[in-house]
Amino acid sequence: MSQKDPCQKQACEIQKCLQANNYMETKCQAAIQQLRKCCAQYPKGTSLVCSGFEKEQEENQAQKSESK
């Protein structure tokens, strides 16, 4: 049996928020920030739901280093 994702609860809160707000991401920024905080607490690769944020961070870092 696989271990439960440590940030699954926050990911579910984002989904609930998006559904309740007609998928308007701007209305769910608080839930998104909570997931980002959760993801920051765990080593990279620990949480599957954080993989999108980790990829986003890598892309942002690559863009910053290219612009220097």
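## The tour

Start by selecting Cys 50, which is buried at 1% relative accessibility; buried means under 20% relative accessible area, exposed over 50%, and partly exposed in between (1.4 Å probe, protein chains only). Before going further, know that this is a predicted model, where local features need pLDDT of at least 70, side-chain atom pairs count only at pLDDT 80 or more, and totals for chains, interfaces and linings use all residues. Residues are numbered from 1 along each chain as its sequence is written, and side-chain values use heavy atoms, with hydrogens and water left out.

**Stop one: the partner of Cys 50.** Cys 39 and Cys 50 form a disulfide with 1.9 Å between the sulfur atoms; a disulfide here is a pair of cysteine sulfur atoms within 2.5 Å. The torsion about the S-S bond of this pair, Cys 39 and Cys 50, is about -90°, so the disulfide is left-handed. The bond links distant parts of the chain, eleven residues apart: Cys 39 is in helix H2, and Cys 50 is in the loop between H2 and helix H3 (51-67). Helices (H or I, at least four residues) and strands (E, at least two) are DSSP runs, numbered from the N terminus. Cys 39 counts as buried too, at 12% relative accessibility.

**Stop two: back towards the start of the chain.** Which cysteine forms a disulfide with Cys 7? Select Cys 38: the sulfur atoms of Cys 7 and Cys 38 sit 2.1 Å apart. Cys 7 is buried, with a relative accessible area of 0%, and Cys 38 is buried at 5%.

**Stop three: the remaining bridge.** Select Cys 17 and Cys 28, which are joined by a disulfide (S to S 2.1 Å). Cys 17 is in helix H1 and Cys 28 in the loop between H1 and H2, eleven residues apart, and the pair links distant parts of the chain. The torsion about the S-S bond of Cys 17 and Cys 28 is about -95°, so you're looking at a left-handed disulfide. As for cover, Cys 17 is buried with a relative accessible area of 17%, while Cys 28 is buried at 1% relative accessibility.

How many disulfides does that make? The count comes to three. Number the bonded cysteines in sequence order and the pairing reads 1-4, 2-3, 5-6. Next, click on Cys 12, which is in no disulfide; the nearest cysteine sulfur belongs to Cys 7, 11 Å away. Cys 12 counts as partly exposed, at 35% relative accessibility.

**Stop four: two residues in the H1-H2 loop.** Stay in the loop between H1 and H2 and pick Asn 22. Asn 22 has a positive phi of about 55°, although it is not a glycine. On the surface view, Asn 22 is exposed, with a relative accessible area of 64%. Then select Tyr 23, which lies in the loop between H1 and H2 as well. Tyr 23 has a phi near 60°, again a positive value in a residue other than glycine, and it counts as exposed at 53% relative accessibility.

**Last stop: zoom out.** Switch to a cartoon of the whole chain. You have three helices and zero strands, following the pattern α-α-α along the sequence. The C-alpha atoms fill a box of roughly 40 × 35 × 15 Å, taken along the principal axes. The radius of gyration is 14 Å, whereas a compact globule of 68 residues would have one near 11 Å; the radius is taken over C-alpha atoms, and the globule rule is 2.2 Å times the number of residues to the power 0.38.

Colour by burial next: buried residues make up 24% of the 68 residues. If you display contacts (heavy atoms within 4.5 Å), residues 24 or more positions apart account for 47% of those with a separation of 6 or more.
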